[in-house]
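Keep the sequence and the 3D view open, and let's see how some of the side chains sit together.

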Amino acid sequence: MKSLSLLAIALLLSFSSIGQDKPQPSPSSKLVQTVGLTQVTVEYSRPGVKDRTIFGDLLKYGEVWRTGANAATKFTFDKPVTIGGKSLEAGSYTILSVPGEKEWKVSFYKYDKPGWNTYTELQPVVSTNITPTKLSEPVETFIIDINNLRDTSATIDLVWQKTKVSIPITVGK
């Protein structure tokens, strides 16, 4: 009876270790930034380079990228904004990018679910073309940041490996 109890305890312990949490390969991140009087929230997952060539290889030039990992990246603006000179109403949007060696196409779609691939069938609300910048030092983990803050403008920066794409955003006063 004693050995049966020990066997049951051993089995229980082995199964409990199987379900333990492990670090996510592409951890989630949330950024909340005020630009002027507008609150911008970004929710996304951050893939790593992990000794790979990202742009032009893992992410082929000219192909759609969900601009993050795991699920659709979600931007929320609490007031109307202008992205690349085009108006975007207050609300939540997902972003899809088409990386290129000399130019990126960045498109915002009305957000309604985390699955990113269904957005490719829709028309974007706003699209803009951006010239990427080559960085001298590599960035291991993908970053979305909001920089160059002014009273009525900023940039949404997409940074990974040796590439930076700065999307201009303007807000009301």
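Trp 65 and Phe 142 are both buried, where buried means under 20% relative accessible area, exposed means over 50%, and partly exposed lies in between (1.4 Å probe, protein chains only). The model is predicted, so local features need pLDDT of at least 70 and side-chain atom pairs count only at pLDDT 80 or more, while totals for chains, interfaces and linings use all residues. Residues are numbered from 1 along each chain as its sequence is written, and side-chain values use heavy atoms, leaving out hydrogens and water.

## Rings in pairs

A pair of aromatic rings is described by the distance of the centres and the angle of the planes. Rings of Phe, Tyr and Trp (its six-membered ring) pair if their centres lie within 6.5 Å; planes under 30 degrees apart count as stacked, over 60 as edge-to-face and the rest as tilted. This rule gives 13 aromatic pairs. For Trp 65 and Phe 142, the ring centres are 5.1 Å apart and the planes stand at 65°, so this pair is edge-to-face. The partners come from distant parts of the chain, 77 residues apart: Trp 65 is in the loop between β2 (38-45) and β3 (74-77), and Phe 142 is in strand β9 (residues 133-147).

Now look at Phe 75 and Phe 77: their ring centres are 6.2 Å apart with planes at 15°, so they are stacked. Phe 75 is buried at a relative accessible area of 0%, and Phe 77 is buried too, at 1%. One aromatic cluster is formed by Tyr 44, Phe 55, Trp 65, Trp 104, Phe 142 and Trp 160.

## A buried threonine

Where is Thr 94 found? Thr 94 belongs to strand β6 (residues 91-98); strands (E, at least two residues) and helices (H or I, at least four) are DSSP runs, numbered from the N terminus. Thr 94 has a relative accessible area of 0%, so this residue is buried. A polar atom of its side chain lies 2.7 Å from the backbone oxygen of Thr 73.

Counting heavy atoms within 4.5 Å as a contact, and leaving out residues up to four places away in sequence, Thr 94 touches Ala 72, Thr 73, Ser 107, Phe 108, Tyr 109, Tyr 111 and Tyr 119.

## The whole chain

The protein chain has 1 helix and 10 strands. Of its 173 residues, 37% count as buried.

Notes. Polar contact = N/O pair within 3.5 Å; in protein donor to acceptor, adjacent residues only side chain to side chain.
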